[in-house]
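Dear colleague,

I am passing on a structure that you have not worked with before, and I would be glad if you could look it over. My notes on what was found follow directly below it.

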Amino acid sequence: MTGVTGATGPTIVPTPTVEDQCSYLGVDSSGEYAFREVLNQNNGDYAVYNGFAMWCYDPLVANTPFTPTPGVLYLSKIFLNCPQFTFLVRYVVATAATSLAAGQNFIGIYSGEYELIASTPDLTAQLTGLTGVLSADLNFPAVLGLGQKYFAFLCNGTGLPSLFAAPMPNADAALHLTASDPRFSSVAGPFTSLPATIDPLTLLPGTHTIWAGI
């Protein structure tokens with residue numbers, strides 16, 4: 001309890017409970033993302049404290065270079081507790097690509113209903129020439145509404161880049177989520193461009209979740 005002195009005397013303001021904070025976030029208190037948002041704020045590693053509007057998880061654990069399979073679409077979930085305006089996506093390249101198929105390498109943002117909201121132009125030149133923390137401009141600025149979204153990564157070629165990701169056993173990463181509502185997953189395709197929609201029945205479990213932030 002916190003005491004606040006007002007004009008007519010002390011006013012007692014109760015400290016919000018986890019359930020109160022989860023209610024404010026608009027997510028059921030049993031859900032992973034409600035607790036994750038509250039814990040991130042309490043632990044001081046909340047994205048906004050580090051110059052981001054939101055990220056899919058703390059980049060401290062994105063410590064494993066992961067080379068995607070050509071034509072496979074990789075999804076990493078984020079949760080927005082307020083609408084966000086963004087014109088770019090940030091991600092981390094460990095090793096640059098050596099041979100990519102031009103016009104077939106993208107990052108996209110999907111809604112919680114798996115509909116494409118925004119995407120980058122082709123990233124062949126960026127993925128081939130650069131490493132480290134990169135910013136990929138979107139084709140047009142996007143307004144992302146409240147709730148869950150997915151970063152999507154697609155690469156094609158014979159010498160693909162390695163992207164920083166977090167390896168997580170599927171059972172441990174599920175945390176109350178269903179097969180059609182995963183924290184991270186992949187879609188076999190093969191794709192040469194980002195699909196306008198994704199059928200949740202085609203989602204496959206993965207072993208890594210690629211890091212990205214806005």
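V89 is buried, because its relative accessible area is 0%, and the cut-off for a buried residue is under 20%. Please keep in mind that this is a predicted model. V89 is found in strand β5, which covers residues 84–95, and, leaving aside residues up to four places away in sequence, V89 touches I107, I109, L134, S135, A136, L138, F151, A212, G213 and I214. One of these, L134, is 45 residues from V89 in sequence, while the C-alpha atoms of V89 and L134 are 8.3 Å apart in space.

As for the protein chain as a whole, there are four helices and 14 strands, and buried residues make up 48% of its 214 residues. Of the contacts in the protein chain with a separation of 6 or more, 74% are between residues 24 or more positions apart. The accessible surface of the chain comes to about 10200 Å², with 60% of that surface belonging to carbon and sulfur atoms.

By residue type, the lining of the largest cavity divides into nine nonpolar residues, no polar and no charged ones.

With best wishes

Conventions: Residues are numbered from 1 along each chain as its sequence is written. This is a predicted model: local features need pLDDT of at least 70, side-chain atom pairs count only at pLDDT 80 or more; totals for chains, interfaces and linings use all residues. Side-chain values use heavy atoms; hydrogens and water are left out. Ala, Val, Leu, Ile, Met, Phe, Trp, Tyr, Cys and Pro count as nonpolar, Asp, Glu, Lys and Arg as charged, and the others, Gly among them, as polar. Helices (H or I, at least four residues) and strands (E, at least two) are DSSP runs, numbered from the N terminus. Buried means under 20% relative accessible area, exposed over 50%, partly exposed in between (1.4 Å probe, protein chains only). Contact means heavy atoms within 4.5 Å. Accessible areas come from the Shrake-Rupley method with a 1.4 Å probe; for residues, only the protein chains shown count as cover.
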